[in-house]
Amino acid sequence: MLIAGFPAGAWGTNCYLVAPAAGEECVIIDPGHQAAEGVEEALAKHRLKPVAVVLTHGHIDHVASVVPVCGAHDVPAWIHPADRYMMSDPEKALGRSIGRPLMGELTVGEPDDVKELADGVELRLAGLDFSVAHAPGHTKGSVTFRMPETDDIPSVFFSGDLLFAGSIGRTDLPGGDHAEMLESLARVCLPLDDSTVVLSGHGPQTTIGRERATNPYVRDVAAGLGSAAAPRRGM
């Protein structure tokens with residue numbers, strides 16, 4: 001399997017391209033602010049043909065390049081219905097202006113083809129299997145994507161802004177809820193095998209085992225405790 005990832009834009013949001021191998025079809029995850037050029041470079045480098053864009057949530061740092069990327073390749077975008085409005089109204093999703101200079105660089109709106117995600121859905125895209133889990137807390141429509149373990153690679157978990165290396169997503173923006181975040185961590189993350197590779201919306205790669213051992217929020221959830229203060233990672 002091929003996973004090509006790069007941080008993009010003002011918020012350093014991780015965008016991922018996932019394919020069975022070089023020269024095949026691929027899925028693009030979270031093409032955010034200023035990600036379109038990096039997407040095209042990765043497609044050319046690995047000779048990939050996109051078949052879909054899938055989104056972990058609707059914040060502008062994860063969806064800002066959806067319209068140009070989907071339009072250039074005539075592919076649909078998948079998003080949870082609770083976050084769909086954010087593609088057309090990013091400032092409402094943040095509860096504040098994101099700034100005129102950034103707004104001038106964005107193509108706000110929906111691509112021509114939008115499909116909606118739901119908890120427990122199994123997506124088969126580009127010959128790959130993605131298990132969708134609804135994981136509210138950072139936003140009401142946050143989701144994660146998990147790929148199953150194979151003979152040669154462990155399970156891969158695209159956590160969006162639910163789980164980071166050493167931290168979790170912020171919950172102080174509209175639609176955020178710290179109690180929901182902790183519940184999502186318990187329900188979605190804790191059952192995963194320690195070997196599961198975590199590719200998050202911001203920051204470096206980690207594993208569930210490493211986070212179970214060192215992440216204070218994950219440790220508190222595993223112990224049945226609640227962390228009082230939400231961190232400020234991501235947008």
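**Entry 1: strands E8 and E9.** I began with E8 and strand E9 (residues 143-147), which pair in the antiparallel sense over 4 bridges. The model I am reading is a predicted one. I looked up one of the pairs: histidine 134 has valine 143 in E9 as its bridge partner.

**Entry 2: the other partner of E8.** Next I turned to strand E7 (residues 122-125), which runs antiparallel to E8 and is joined to E8 by 4 bridges. Leucine 125 has leucine 128 in E8 as its bridge partner. I then checked the hairpin of E7 and E8 and found 2 residues between the strands. In this hairpin, alanine 126 takes a positive phi near 55°.

Is strand E8 largely enclosed or left open? I found that 6 of the 7 residues of E8 (residues 128-134) are buried, so the rest of the structure largely encloses this strand.

**Entry 3: histidine 80.** I went looking for histidine 80 and found it in the loop between E5 and helix H4 (90-94). Is histidine 80 buried or exposed? Its relative accessibility is 11%, and buried means under 20%, so histidine 80 counts as buried.

Which residues does histidine 80 contact, once neighbours within four places in sequence are left aside? I noted Leu117, His134, Gly141 and Val143. I was pleased to meet two of these names again, as histidine 134 and valine 143 are the bridge partners from my opening entry. I also looked at the side chain of histidine 80: one of its polar atoms lies 3.0 Å from the backbone nitrogen of alanine 82.

**Entry 4: the open sheet.** I traced an open sheet of 6 strands, with the order E1-E2-E3-E4-E5-E6 and mixed pairing. Which strands stand at the edges? They are strand E1 (2-8) and strand E6 (114-116); each has a single partner strand, so one side of each is left without a neighbour in the sheet. From one strand to the next, the twist averages 25°.

Inside this sheet I picked out strand E2 (residues 13-19) and strand E3 (residues 25-29), which run antiparallel and are joined by 3 bridges. Leucine 17 has isoleucine 28 in E3 as its bridge partner. I also followed helix H3 (residues 66-73), which lies across E3, strand E4 (49-54) and strand E5 (77-79). H3 runs at about 145° to E4.

**Entry 5: the cores.** The largest nonpolar core has 28 residues.

I took a closer look at valine 39, setting aside residues up to four places away in sequence. Valine 39 touches Phe6, Cys15, Leu17, Ile28, Pro31 and Val69. I then noted a second, separate core of 21 residues, which includes Tyr16, Val132, Val143 and Val156.

**Entry 6: the whole protein.** Last, I checked the totals: the protein has 8 helices and 14 strands. Of its 235 residues, 54% are buried. The accessible surface comes to about 9,600 Å², and 50% of this surface belongs to carbon and sulfur atoms. Among contacts with a separation of 6 or more, I noted that 63% are between residues 24 or more positions apart.

Terms used
Residues are numbered from 1 along each chain as its sequence is written. This is a predicted model: local features need pLDDT of at least 70, side-chain atom pairs count only at pLDDT 80 or more; totals for chains, interfaces and linings use all residues. Side-chain values use heavy atoms; hydrogens and water are left out. Two strands pair if DSSP finds at least two bridges between them. Axes are lines fitted to C-alpha atoms, for helices over the stretch in contact, and angles run from 0 to 180 degrees between N-to-C directions. Contact means heavy atoms within 4.5 Å. Buried means under 20% relative accessible area, exposed over 50%, partly exposed in between (1.4 Å probe, protein chains only). Accessible areas come from the Shrake-Rupley method with a 1.4 Å probe; for residues, only the protein chains shown count as cover. A nonpolar core is a set of buried Ala, Val, Leu, Ile, Met, Phe, Trp, Tyr and Cys residues joined through side-chain atoms within 4.5 Å. A polar contact is a pair of N or O atoms within 3.5 Å; within protein, one must be able to donate a hydrogen and the other to accept it, and residues adjacent in sequence count only if both atoms are side-chain atoms.
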